[in-house]
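These entries record what I looked up about helix packing and the ligand surroundings. I took the helix pairs in turn and then turned to the ligand.

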Amino acid sequence: MRATAIAQPNIALIKYWGKRDTERNLPAVGSISITLRELYTRMHVEFDADAVADSLQVNGAPDATMLPRLSACLDRVAGGDRLRARITSESNFPIAAGLASSASAFAALTVAGAHAAQKTLSIATLASLAGQASGSAARSLLGGFVELENRGEDIAVSALCEPAEWPLDVVVAITETGPKAVGSTEAMEISRHTSPFYQSWLEQQPHDLDIARDSIARRDFGRLAAIAEHNCLKMHSIMWASRPPLVYWNAATMRCLQTVRKLQGSGADVFFTIDAGPQVKAVCLPEHTQAVAAALRDTPGVVDIMISGLGSGARLENAR
Ligand code: DP6
């Protein structure tokens, strides 16, 4: 009745922004991501016949804010009539700051919850359950390059390329450690209802996905870099043109972009991507990682750097 699972966050290269069904949390567009190796969330779920309510500890401290979303996820995984659960979560990176903490948290929770409830679920079912909790979480079930497709009434995840088949590094430049002002769930709805660019975003996404898929298959870094940066800036343009505007960047975010442009000018194989937060993720070939990390560390306003390779999908650590 207890299980521990670990999952790594993922960074989207072709972004998920917008929902076609808010009830079932179905994304309006497909997306492609890379799963990281060095950052993690470990979730322990213990069903307890004596507990009267679910409880949650995050990095050693009780957390009531996230609990309802986690409880709802466990209800879907184990059934509404399940025993109450003690949930413990531990992460080695800032939570809710645009570093995909919900992706690794819900991927790990879904896997741990299923095992604690003694259910053997397929990847398709796990993806659907994790995705209902947080769209991007479905992608953290798999490692390396992962595609999330909208298929009929549901979603499907598939691995496009294993981490060892194309080892890339990601340098995360942290420019702010506090939680973001507007969570992505709410921000996506603001964009859907108010951004004049939202419709063309939906129309263009299949093309961006095709280019990215093909670039990954051919290991064409330059082509992947161009489409990933374009897709990221397009997503932020939708946000900026929303009402109220959604501007997640700070001055250091912009400076990091300039640093990446300079590195590219000096011949480094690197590109940037930014999610719903002010952090900049620089994706590069491993021979450039040290130079990219040094340049971003020296960029004014950068408070910390994290370096990660590509990792595997969510997995069970132990169950009893
Ligand atoms: C900008 O998966 O956090 O990181 O489904 O509402 O929980 P919900 O959204 P979430 O959104 C991720 C948005 C993004 C882009 C991406 O990861 O594809």
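**Entry 1: α1 against α3**

I began with helix α1 (residues 67-78) and helix α3 (residues 123-133), whose axes cross at roughly 155° and come within 9 Å. I worked from a predicted model throughout. Angles over 145 degrees count as roughly antiparallel, and α1 and α3 are therefore roughly antiparallel to each other. I noted the hand of the α1 and α3 crossing as right-handed. I then listed the residues in contact: α1 contributes R69, C73, R76 and V77, while α3 contributes L129, Q132 and A133. Sorted by class, the contact of α1 with α3 holds four nonpolar, one polar and two charged residues.

**Entry 2: α2 against α3**

I next looked up helix α2 (residues 101-116), whose axis comes within 9 Å of that of α3 at a crossing of roughly 130°. That angle makes α2 oblique to α3. The crossing in which α2 passes α3 is right-handed. From α2 I recorded F106, T110 and A114, and from α3 I recorded L126, L129, A130 and A133. The contact of α2 with α3 has six nonpolar residues, one polar residue and no charged residues.

**Entry 3: α5 against α6**

I then turned to helix α5 (residues 198-218) and helix α6 (residues 221-240), which pack at about 160° with their axes 9 Å apart. This makes α5 roughly antiparallel to α6. I found that α5 passes α6 in a left-handed crossing. On the α5 side, the contact is made by Y198, W201, Q204, Q205, D208, I211, A212, D214, S215 and I216. On the α6 side, I listed R223, L224, I227, H230, N231, K234, M235 and I238. By class, the residues of the contact of α5 with α6 divide into nine nonpolar, five polar and four charged.

**Entry 4: the ligand**

Which residues are closest to the ligand? I found 18 residues surrounding the ligand, of which Y16, K19, G135, S136 and T185 are the closest. I then looked up polar side-chain atoms facing oxygen atoms of the ligand. For Y16, such an atom lies 2.6 Å from a ligand oxygen atom. For T185, a polar side-chain atom lies 2.7 Å from an oxygen atom of the ligand. For R69, the corresponding distance to an oxygen atom of the ligand is 3.3 Å. I cross-referenced R69 to Entry 1, where R69 of α1 takes part in the contact with α3.

Terms used
Residues are numbered from 1 along each chain as its sequence is written. This is a predicted model: local features need pLDDT of at least 70, side-chain atom pairs count only at pLDDT 80 or more; totals for chains, interfaces and linings use all residues. Side-chain values use heavy atoms; hydrogens and water are left out. Axes are lines fitted to C-alpha atoms, for helices over the stretch in contact, and angles run from 0 to 180 degrees between N-to-C directions. Helices (H or I, at least four residues) and strands (E, at least two) are DSSP runs, numbered from the N terminus. Angles under 35 degrees count as roughly parallel, over 145 as roughly antiparallel, 65 to 115 as roughly perpendicular and the rest as oblique. A crossing is left-handed if the near helix is turned anticlockwise from the far one by less than a right angle, and right-handed if clockwise. Contact means heavy atoms within 4.5 Å. Ala, Val, Leu, Ile, Met, Phe, Trp, Tyr, Cys and Pro count as nonpolar, Asp, Glu, Lys and Arg as charged, and the others, Gly among them, as polar. A residue is near a molecule or strand if one of its heavy atoms lies within 4 Å of it. A polar contact is a pair of N or O atoms within 3.5 Å; within protein, one must be able to donate a hydrogen and the other to accept it, and residues adjacent in sequence count only if both atoms are side-chain atoms.
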